[in-house]
Amino acid sequence: MESAATDRAGAPVSVVISKCECFLPLDIPGDVKSWRPDRETDPGPTFRAFARHGEDPNQRRVVRVHDGFNEEGYEVNYYENITEPMRWWQIGKCVLGRAHSVVEVLCEYGTWRVAPPDYCG
Ligand SMILES: [Zn+2]
């Protein structure tokens, strides 16, 4: 996305906006592996849980089930288990329908966090 910004001399320049209106970043994380589910294939069942880049996985994450991904987290509604599982290509979409990168997350001692780069499942 671009906006009408100007440089110090007043000439128009394009500025890349790195945040979505949902407040999640639109860039890709530099320090851990990430996927764009709308463009890339599912890395497979050894990767069990994901969160959108920049999102606290305790608030919202998706966890793999046999036929897709269930949303979990304290910002997710209580009907998570009776709604249809999401498909891989849907898991990076935010409430505005924009595609975001996803990162692998894991649960340690009851707290979810982004998985370190060498972690797999
Ligand atoms: Zn967004």
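User: In what sense do strand S5 and strand S6 pair, and over how many bridges?
Analyst: Strand S5 (residues 61–65) and strand S6 (residues 68–72) pair in the antiparallel sense over 5 bridges. Strands pair here if DSSP finds at least two bridges between them. This is a predicted model, where local features need pLDDT of at least 70 and side-chain atom pairs count only at pLDDT 80 or more, while totals for chains, interfaces and linings use all residues. Residues are numbered from 1 along each chain as its sequence is written.

User: How many residues sit between S5 and S6?
Analyst: There are 2 residues between them, and the two strands form a hairpin. Arginine 61 stands opposite glutamate 72 in S6.

User: How many helices and strands does the protein have?
Analyst: It has 0 helices and 8 strands. Helices (H or I, at least four residues) and strands (E, at least two) are DSSP runs, numbered from the N terminus.

User: Where is confidence lowest, and where is it highest?
Analyst: It is lowest in strand S1 (residues 2–6), at a mean of 60, and highest in S4, at 97. The score is pLDDT, the predictor's confidence in each residue, from 0 to 100. Where pLDDT is low, the predicted coordinates should not be read in detail. The mean for the protein is 88, and 86% of its residues reach 70 or more.

User: New topic. Which residues of the largest nonpolar core touch the most other members?
Analyst: Of its 13 residues, they are Phe50, Ala51, Val62, Ile91, Val102, Val103 and Val105. Strand S4 (49–52), strand S7 (102–108) and strand S8 (111–114) each supply at least two residues of this core. A nonpolar core is a set of buried Ala, Val, Leu, Ile, Met, Phe, Trp, Tyr and Cys residues joined through C-beta atoms within 7 Å. Buried means 20 or more other C-beta atoms within 10 Å of a residue's own, exposed means 12 or fewer, and partly exposed is in between, with C-beta atoms placed from the backbone.

User: What share of the residues count as buried?
Analyst: Of the 121 residues, 21% do.

User: And what about tyrosine 109: buried or exposed?
Analyst: Tyrosine 109 is exposed, because 4 other C-beta atoms lie within 10 Å. Tyrosine 109 is in the loop between S7 and S8. Its phi is near 55°, a positive value in a residue other than glycine. Most residues other than glycine have a negative phi.
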